[in-house]
Amino acid sequence: MYLGKMTTAQAGEAFKHDPIVVIPVGSTEQHGAQSALGTDYLVPAYLADQIAGMDGVIVAPTVPYGVCPYHLSFAGSINIGYEGLYLVLHGIMDSLMEQGVKRFVVLNGHGGNTPSIDRAALEVYHKGGVCASIDWWSLVAELDDRFKGGHGDLLETSAVMAIAPEAVHLELGQPVNAQSPTDELKAAYIQAVNFKGGTVRLVRDTKEIAPSGWFGPFDPKESTAELGQAALDLAAGYIRDFMGEMKKICLQNK
């Protein structure tokens with residue numbers, strides 16, 4: 001079921017049966033020259049579609065904006081900040097809790113969103129509910145080594161190719177061209193460097209360390225829709241199983 005396609009009468013009736021409300025959340029931000037600005041919300045929205053037919057599951061409208069101040073040097077990126085995303089999620093879940101909903105799953109497509117999601121989720125808990133969050137890219141990397149990736153590299157680009165092939169342009173892709181701050185501080189990720197075998201967070205604008213926009217172990221020029229679909233299928237199956245188990249969590253009034 002989709003909340004946006006229900007009438008208020010239908011929603012009110014559905015809320016009486018202790019549903020799980022799924023909230024796809026992402027970001028509108030650059031993913032290299034080759035992949036769509038909407039990558040981070042297209043994937044969670046797709047995964048939500050795969051579980052929308054489950055009994056007792058209601059999919060809320062997708063939140064397409066998130067936390068990405070470090071990508072603002074790239075055209076099209078939109079940042080609503082930690083407080084902005086928190087307020088959106090707080091508003092969604094607080095409104096629905098007042099109407100009887102107590103179970104939520106946030107399908108997250110962007111790592112920068114995590115602090116805001118966690119803050120809103122803890123509030124749900126303190127009000128007697130439960131809110132889980134699933135980072136799809138981390139999930140599939142844990143389940144299958146084929147799907148380890150970074151930002152805008154092989155995994156994300158392949159996933160978008162499977163969902164919306166018209167939104168990927170491999171011919172526009174550029175070499176990673178990673179920039180290390182010093183000879184001993186090697187670029188490890190957009191916000192991190194390696195130094196003497198350890199990883200240190202070094203927060204800078206993405207342009208400073210990954211001028212091509214993407215960063216990861218695998219070049220997106222090798223992306224395929226087949227690889228992307230395999231990762232999406234793995235994530236969807238896991239999420240479906242998790243949703244079934246989440247319904248068993250006993251909730252108490254706090």
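Student: Which residues of the largest nonpolar core touch the most other members?

Tutor: This is a predicted model, in which local features need pLDDT of at least 70, side-chain atom pairs count only at pLDDT 80 or more, and totals for chains, interfaces and linings use all residues. Residues are numbered from 1 along each chain as its sequence is written, and side-chain values use heavy atoms, with hydrogens and water left out. A nonpolar core is a set of buried Ala, Val, Leu, Ile, Met, Phe, Trp, Tyr and Cys residues joined through side-chain atoms within 4.5 Å, where buried means under 20% relative accessible area, exposed over 50%, and partly exposed in between (1.4 Å probe, protein chains only). Of the 32 residues in this core, those touching the most other members are Val22, Leu47, Val105, Leu107, Trp136, Ile239 and Met243.

Student: Which element supplies the largest share of this core?

Tutor: Helices (H or I, at least four residues) and strands (E, at least two) are DSSP runs, numbered from the N terminus. At least two core residues come from each of β1, α2, β2, β3, β4, α5, α6 and α8. The largest share, 8 residues, belongs to α8.

Student: With which residues is valine 22 in contact, leaving aside its neighbours within four places in sequence?

Tutor: Contact requires heavy atoms within 4.5 Å. By that criterion, the partners of valine 22 are Ala48, Ile51, Val57, Ile58, Val59, Ala60, Val105, Leu107 and Met243.

Student: How many disulfides are there?

Tutor: A disulfide is a pair of cysteine sulfur atoms within 2.5 Å. Cysteine 131 is in none, since the nearest cysteine sulfur, that of cysteine 250, is 18 Å away. The count of disulfides is 0.

Student: Is cysteine 131 buried or exposed?

Tutor: The relative accessibility of cysteine 131 is 16%. Cysteine 131 therefore counts as buried.

Student: Which residue forms a salt bridge with arginine 119?

Tutor: A salt bridge is a side-chain nitrogen of Lys or Arg within 4 Å of a carboxyl oxygen of Asp or Glu, and the structure holds 7 of them. For arginine 119, the closest N and O atoms of the pair are 3.0 Å apart. The pair links distant parts of the chain, helix α4 and helix α3, 36 residues apart. The partner of arginine 119 is glutamate 83.

Student: What is the relative accessibility of lysine 248?

Tutor: Lysine 248 meets glutamate 245 in a salt bridge (3.2 Å, N to O). Glutamate 245 counts as partly exposed because its relative accessibility is 47%. Lysine 248 counts as exposed, with a relative accessibility of 58%.
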